[in-house]
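Please read them with the sequence and the coordinates open beside you.

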Amino acid sequence: MESLGWLVLHGIGTCAYAASGAFVALQAKYRMIGVFVLGLTTSFGGGVIRNTVIGVPVTKLWDRETLLLVVGTLAVLYILSTKWIRHWKKWGLFFDSIGLASFSLQGALYARQFGDNLGMTVMAALFTGIGGGVIRDLLAGRKPIALREEIHAILAVLVGVAVAIGGRGFLEPIPLFLTIFIVVTVRMFAVRYKHKVWDKLMFHR
């Protein structure tokens with residue numbers, strides 16, 4: 001699991017979701033404590049749920065390097081907050097989409113270490129991908145994006161299915177980053193067109 005592609009993916013996902021949590025906290029006018037709580041929650045909340053569901057000790061999440069990466073990212077963003085918070089609407093969903101893609105992959109790949117069970121892989125991808133964001137939004141006093149957007153959860157599930165089928169092939173850099181690119185593109189496309197195409201496919205009015 002400790003391939004170069006995996007390590008880069010882990011760093012991208014962690015920083016992206018930490019930034020997403022910071023954006024939401026500042027938008028909700030939270031101060032420093034709020035920024036760090038929401039950033040940490042977004043980065044680790046999905047992993048806590050995933051490990052609980054698949055029966056892996058939650059303590060495996062708390063490695064020093066990841067914690068330092070998250071805290072460092074949040075510290076930099078908080079210091080620069082007055083300069084970039086106005087760009088929340090433009091960049092917030094982008095960071096959230098990167099986090100969704102990379103964390104869904106992380107969850108699915110992590111579950112694959114414990115067996116080839118399709119259900120476990122898909123559930124791990126889903127909970128890791130959207131769990132932290134759901135907790136983040138609830139703490140910020142707003143309806144969770146992942147529960148309002150069908151595309152959000154569907155993409156996480158599809159990532160889980162792809163990893164279940166592709167197996168260890170997803171440990172290579174090209175499949176990893178190609179998957180992230182596709183998920184982010186589809187999510188941002190859905191946001192750009194306000195889910196009109198998706199709603200038609202799902203036969204919504």
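Predicted model: local features only at pLDDT ≥ 70, side-chain atom pairs only at ≥ 80, totals over all residues.

1. Ser 97 touches Val 184, Arg 187 and Met 188, once residues up to four places away in sequence are left aside. The serine belongs to helix α5, which runs over residues 88-112, and Ser 97 counts as buried because its relative accessibility is 0%.

2. The UniProt record, an unreviewed entry, places the feature "transmembrane region" at residues 6-26, 33-54, 66-85, 92-111, 117-139, 151-170 and 176-193. For two of these spans the model can be set beside the record. Residues 151-170 are 80% helix and 0% strand, with end C-alpha atoms 22 Å apart, while residues 176-193 are 94% helix and 0% strand, with end C-alpha atoms 26 Å apart.

3. Helix α3, residues 64-79, deserves a paragraph of its own. The helix has 16 residues and reaches 22 Å from its first C-alpha to its last, which is close to the 22 Å expected at 1.5 Å a residue. Its buried residues are Thr 66, Val 70, Thr 73, Leu 74 and Leu 77. These residues cover an arc of only 95° around the axis, and they are therefore on the same side of α3. As background, an α-helix has 3.6 residues a turn, so residues three or four places apart point the same way. On the face of α3 turned away from the buried side one finds the exposed residues Arg 64, Glu 65, Leu 68 and Ile 79.

4. Which residues are linked in a network of salt bridges? They are Arg 136, Asp 137 and Arg 142, and the structure holds two salt bridges. In one of them the side chains of Arg 136 and Asp 137 meet, at 2.9 Å from N to O; in another, Arg 142 pairs with Asp 137, the closest N and O atoms again being given as 2.9 Å apart. Asp 137 counts as buried because its relative accessibility is 0%, and Arg 136 is likewise buried.

5. Because Tyr 17 lies in helix α1 (residues 4-27) and Phe 103 in helix α5, the pair ties together parts that are 86 residues apart in sequence. Both partners are buried: Tyr 17 counts as such because its relative accessibility is 0%, and Phe 103 because its relative accessible area is 4%.

6. The other aromatic pair is formed by Tyr 110 and Phe 114, whose ring centres are 5.4 Å apart and whose planes stand at 65°, so that the pair is edge-to-face.

Methods: Residues numbered from 1 in each chain as written. Heavy atoms only, no water. UniProt positions renumbered as here; feature names shortened; annotations may be inferred. Helix = DSSP H or I, 4+ residues; strand = E, 2+ residues; numbered from the N terminus. Buried < 20%, exposed > 50% of the residue type's maximum accessible area, 1.4 Å probe, protein only. Contact = heavy atoms within 4.5 Å. Expected span 1.5 Å × (residues − 1). Arc of directions from axis to C-beta. Salt bridge = Lys/Arg side-chain N within 4 Å of Asp/Glu carboxyl O. Phe/Tyr/Trp six-rings, centres within 6.5 Å; stacked < 30°, edge-to-face > 60°.
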